[in-house]
Amino acid sequence: MWSRMKPRKMYASLFLYSSIAVCLLTLVFTMYLSRLFVQSAMEEIHASNQDKLQQAVQTSEFTLQKLRQFALRVYSEENIALWLNMNQDDYSPLTLYKAATSVREFVSSEPFIQSICMFNFNINQIYSSSETSLYTPQDFYDPSMLHAIKNKGTTPYLQFFDHGVQGESYLALIVPAVDQNRNYSGYVSILFSKPLLNEHMLQISEDDPNNKMIVEGPNEAFMLGNADAELASELANADKPASVSASWEWASGEGTWSVQTASLPVEGWRVYQLSLYSSWQAQIDRIRVDIIASSVVLVLALLLFLFWQSYRRLKPISDLTARLQSKLGSKETISDPKNAGSEIDWLDFGFDRLVDRLEQQDLSLKSSKALIKDDLIRQWIHSSQASGSGPVERFIREQTAILRTGLFRIAVIRLESYGRFTEYYDFTSRKLLRYALGNMMTEVLNNHGFAAETVDFGSDHIVALISASASGEEEARILDALKDVRFQIRRWLKLELQAAVSSVLGAGAELQPAYEHVYELTLLGFLCDEDRVFTMADLDRYRPGEGNEPDERLLTQAIHAVRLGDAAALEADLDSLTRQMHGLSYDECKLQLTHIIYSIMKSFKNGKTFQGMKSIHVFLDRFSTLGEVKTWLLQELLQMMNRQRQHSGSARKEECFAEMMAYVRIHLHDPMLSVEDVAEHVNISVNYARQIFKAHHPQSLSDYITDQRIKYAMNLLTTTDWTIADITEQSGFQTKSTFFSLFKRATGITPGQYRLEKAKK
């Protein structure tokens, strides 16, 4: 019977079903509007609470950072530092008096401070500003603070922690923080008043029963807030959402709370803003009863609109859906063409797929162009000549503005303390940071009116090729531009750099030696402790003169012994090196030592041994005999060996493997690339590098280099019209005969035959 009454027209059927839905819709419409209002009101309240929370978080970040800086000023104050580093031999009560006076001045200058304690374990004395008394570690009234200082790893670097003493709870900070790699004898602990921090930093009232704020530290410890201990403990044990910025409801013994969450990332804390529902639920109920819904009129208007749309739009939508499915090649079919909703959902899905494909293709195209440009610029820098008729030089002229005048410069920025940089960041993070360095360098140079292209060689530096003019008037401008590059990177990325630039290069200039000389210029800061942009005029400074060079063979053996972990061979090589210096003058001996340390630093730039040494000449003045220098250098290199052994775990091996793969890809075009170069880049021995690579890849490292060169040559054969000779050079093969032999062994045919076969297909 229903089938006979059912309208045959699709738009009439849709209208009939819609009319039936009106009866249900009118019943629930008022409830829906009320619910919508409640939801909107709650969102407004949540937004208001979230704004208050964010304001408290921002104030807290600023205040805690200010207190941290204040703590550093306390620790570095001259009188306090003198007492903290005092030994039994130079003990003086006057020093303690001056330090105590400085402490009292600091306490009176900062209202948040409850007390400051100074610890000197060399003389076993502790001074407390709250008691204005001197203690020994045995009779000190706060043994838990002693425990926090002496137990390494319990106090992260310059992080606040909750500390209870004599029945009161404070926010505490220890300077310097305990660290396994440091050995301090003097410490300063500062206790901050929680009530004052609650009032002025979090801006909360202790007497507000409807609004609470709780700050949780590591392990859900209660750090700050106006909640009582019972409520804070109950919240710590509650089930919480994983998101740091989530809003959620929580039922406690005191009622149901609206909870807003934020984080203090520097401290690793979570801040919770709690608001009782009962405080504003009554107001929402009063407004909700005033809502009168005109649902009938709205539903009738909706039905008329649906009737018109079903009549005009339903069939075109079905046709468009079918066309889109055929274009996409999807296996999905429209099972019920009368179901407009399903078709609209499918249209939305199909258009999303089309847009995604276009975006992926565009991104892939852009990424491929960028990678090709970077690879060709690297090849150009490693080539013997800067100018010529080769395909790489033609690409540089067509795709970049470097050679618009025919003249250019090479500039290098090098990261200082690269060993510490590699310890703080993993391989992927280092790649992203170097990418950011290159982009910032390009942008700053462009802002100064220079066309520039930057390239990353996967090490501690970024190379830039900068257009130049024939006039010599831009010398000062390029130096100012590179100074600005250092300033902007130091400002935004907090990284220290050394920078150097070549003189103007033109047609026929040898790029490889010029690049190596500019990179060597960036190392002059390590030799002479000068903070500026170096030029080619500085290249001959601090080089050993004739007859002043140490035995390079012994120096190479010593560096090789470090990589192999052979302590006995290292000690023997250092003995031989220093033995040859006996009989030299002081200046000659110091010059040779400078060269030795400089060479070791360059060989182990990924290590931490010489980080922080600003000038070798100044540093060597600390030693009175040649034996003392040899002993210090031996100890440092032995520590480097130990660190290499400690970092030989699976994670370190994975990172070494990733770095080796990246280094091979970047230097694939270099015909002199060898397994020794790859091992030296990651600061391990050649045999160990082969073991790591073989454990992660079915090919040996040398076979992998050859295989990648063959694959790169195959790509060039099919995507370019370059000659076989050009492809041989750009793929890193030393001779054309070697390329033909290895290519035929890998593919079974010659390069020319391979190009013809691909062209036919």
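Biologist: Contact means heavy atoms within 4.5 Å. Not counting residues up to four places away in sequence, which residues does F140 touch?

Modeller: Bear in mind that this is a predicted model, in which local features need pLDDT of at least 70 and side-chain atom pairs count only at pLDDT 80 or more, while totals for chains, interfaces and linings use all residues. Residues are numbered from 1 along each chain as its sequence is written, and side-chain values use heavy atoms, with hydrogens and water left out. F140 sits in the loop between β3 (133-135) and α5 (143-150) (helices, H or I of at least four residues, and strands, E of at least two, are DSSP runs numbered from the N terminus). Leaving out residues up to four places away in sequence, F140 touches C117, F119, I126, Y135 and L146.

Biologist: OK, and is F140 buried or exposed?

Modeller: The cut-offs are under 20% relative accessible area for buried, over 50% for exposed and partly exposed in between, using a 1.4 Å probe and protein chains only. F140 has a relative accessible area of 6%, so F140 counts as buried.

Biologist: What share of the 761 residues of the protein count as buried?

Modeller: Here's the whole-protein picture first: there are 28 helices and 16 strands. Among contacts between residues at least 6 apart in sequence, 62% join residues at least 24 apart. Of the 761 residues, the share that counts as buried is 45%.

Biologist: Which residue forms a salt bridge with E659?

Modeller: The closest N and O atoms of the pair are 2.6 Å apart. E659 lies in helix α22 and R430 in helix α13 (residues 427-447), so the link spans parts 229 residues apart in sequence. In short, the salt bridge partner of E659 is R430.

Biologist: What separates K711 and D707 in helix α25?

Modeller: Their side chains meet in a salt bridge at 3.3 Å, N to O. K711 has 48% relative accessibility, so K711 counts as partly exposed. Being four residues apart in helix α25 (residues 701-719), K711 and D707 are separated by about one helical turn.

Biologist: Over how many bridges do β7 and strand β11 pair?

Modeller: Two strands pair if DSSP finds at least two bridges between them. Strand β7 (residues 211-216) has five of its six residues buried, and its I214 stands opposite Y272 in β11. β7 and β11 (residues 269-276) are antiparallel, and their bridges number six.

Biologist: And which residue takes a positive phi in the hairpin of β7 and β8?

Modeller: β7 and strand β8 (residues 222-225) run antiparallel and are joined by three bridges, with E216 partnered by F222 in β8. The hairpin has five residues between the strands, and the one with a positive phi near 60° is N219.

Biologist: Which residues make the nonpolar surface patch of about 300 Å²?

Modeller: Accessible areas come from the Shrake-Rupley method with a 1.4 Å probe, and for residues only the protein chains shown count as cover. Patch residues have over 30% relative accessible area and no salt bridge, with like charges joined within 9 Å and nonpolar side chains (Val, Leu, Ile, Met, Phe, Trp, Tyr) within 5 Å. W308, in helix α9 (residues 295-328), is at 41% relative accessibility and so counts as partly exposed. The patch is made by L302, F305 and W308.

Terms used:
A salt bridge is a side-chain nitrogen of Lys or Arg within 4 Å of a carboxyl oxygen of Asp or Glu.
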